[in-house]
Each structure stands twice: as structure tokens, then as C-alpha cells.
Amino acid sequence: MWKPTNQPQTPARPGEPERPATPTPSAPVMTAPEPAAPRPVTTTTADQATIGKSLVIKGEVTGSESLYIDGRVEGSINLSGNRVTIGRNGVVAANINAREIVVLGKVRGNLTASDRVDIRSDGSLTGDVIAARISIEDGAFFKGGIDIRKGGQPQQQKANGEEKVSASEPAAIGARA
């Protein structure tokens, strides 16, 4: 309702502040996106699931987010487009397939990474590695074979139990003993 501007305006109710009539319909439109805004922030690249120290998982682990393992996992882990990190307390007896694998704890199984495998100084890996890049820090334990493959190269099964070792990795030959 329109009022002349020369008259003083008083609210109809004493406890209610004055509000213009037009912003009221737009206020719910402005507040509706605010609760929805934090959701995209939590579901971006920072997503990482965690398996805590006291958890034991037996079976197949699959998903579409990165995983940090500080507990025990037995079976298989398939997170092909993501990162798998085995924490210092982590003990894994599984084959792991991921984009990137970081070993800080103990792993017994074969690792297949489309990008890289990092075995840190306190890490221990017993198993074969297939990756485009590998890094083994001083003090790390590694026993197994290394197969360096370029980024989109298809995987091939071992024929006659034969393993391929890249000539650019002489350390891998000595590690097989």
C-alpha cells in the first residue's frame, strides 16, 4: 500500500521492525542458496574417506573418492581414479588399483597405479608394482617386481609366470632376490 512521503511511518506492531514490501519476497531466494553453498565445498577434490586405526575390513573396497587407511584391510581395493594412502599404522593385505598410491605403513599385495607409487621411508611393500612412476625413499622396505608403464598403456597379464622389469630400473632386479 502506498503512503504519502510527508506522513511519519509507524509500524503496525510495536515489536516488529519496519521492512520494505519488495525485499521480503526476494529474501527467501537469497537465503535458500546459502545452506546449499557449503555442500559443494565439502564434495570437491578435498574428499577423502578414512579407515581408522581400530577398523578391520575384509572384502572388496571400491568407490569414487580418495582413501586414507590407518587400520587393517584384507581383500582388494579398487579406486581407479583416486589416491590411496596407507598410513603409518595401516596394515593392508590386498591388491590395490588406484591412480596414485602412497605407502607409509605395511602392504602385502600387488599395486597397480595409473600415475605413481610412493613408498616412504617407514613404508613396507611386499608385492609387484605396475605404475607410470615410482619413488622409493631411503629406509623403505620393498620386495617385488617393478613394471613401468606409460600413462594409457593397457595392462597385460604375465605369460608363463614371466615378469617384465624395465631396464631403466636396475634396483628392481636386485630387489627380487
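## Burial and surface

In this predicted model, 29% of the 177 residues in the protein chain are buried. The accessible surface of the chain is about 11,800 Å², and carbon and sulfur atoms account for 52% of that area.

## Secondary structure and contacts

The protein chain contains 12 strands and 4 helices. Of its contacts with a separation of 6 or more, 6% are between residues 24 or more positions apart.

## Nonpolar core

The largest nonpolar core comprises 27 residues, and Ile 77, Val 92, Ile 96, Ile 101 and Val 117 have the most contacts inside it. Two or more residues each come from strands S3 (66–69), S4 (72–86), S5 (91–103), S7 (111–119) and S9 (129–131). S5 supplies the largest share, with 6 residues. In soluble globular proteins, nonpolar side chains tend to be buried together.

Which residues does Ile 96 contact, leaving aside neighbours within four places in sequence? Ile 96 is in contact with Ile 77, Val 84, Ile 86, Ile 101, Val 107 and Leu 111, and also with Asn 110 and Thr 112.

## Confidence

The average pLDDT of the protein chain is 76, and 59% of the residues score at least 70.

Over residues 23–45 pLDDT stays under 50, and the model has 1 contact beyond four places in sequence for them. Where pLDDT is low, the predicted coordinates should not be read in detail.

Notes
Residues are numbered from 1 along each chain as its sequence is written. This is a predicted model: local features need pLDDT of at least 70, side-chain atom pairs count only at pLDDT 80 or more; totals for chains, interfaces and linings use all residues. Side-chain values use heavy atoms; hydrogens and water are left out. A nonpolar core is a set of buried Ala, Val, Leu, Ile, Met, Phe, Trp, Tyr and Cys residues joined through side-chain atoms within 4.5 Å. Buried means under 20% relative accessible area, exposed over 50%, partly exposed in between (1.4 Å probe, protein chains only). Contact means heavy atoms within 4.5 Å. Accessible areas come from the Shrake-Rupley method with a 1.4 Å probe; for residues, only the protein chains shown count as cover. pLDDT is the predictor's confidence in each residue, from 0 to 100.
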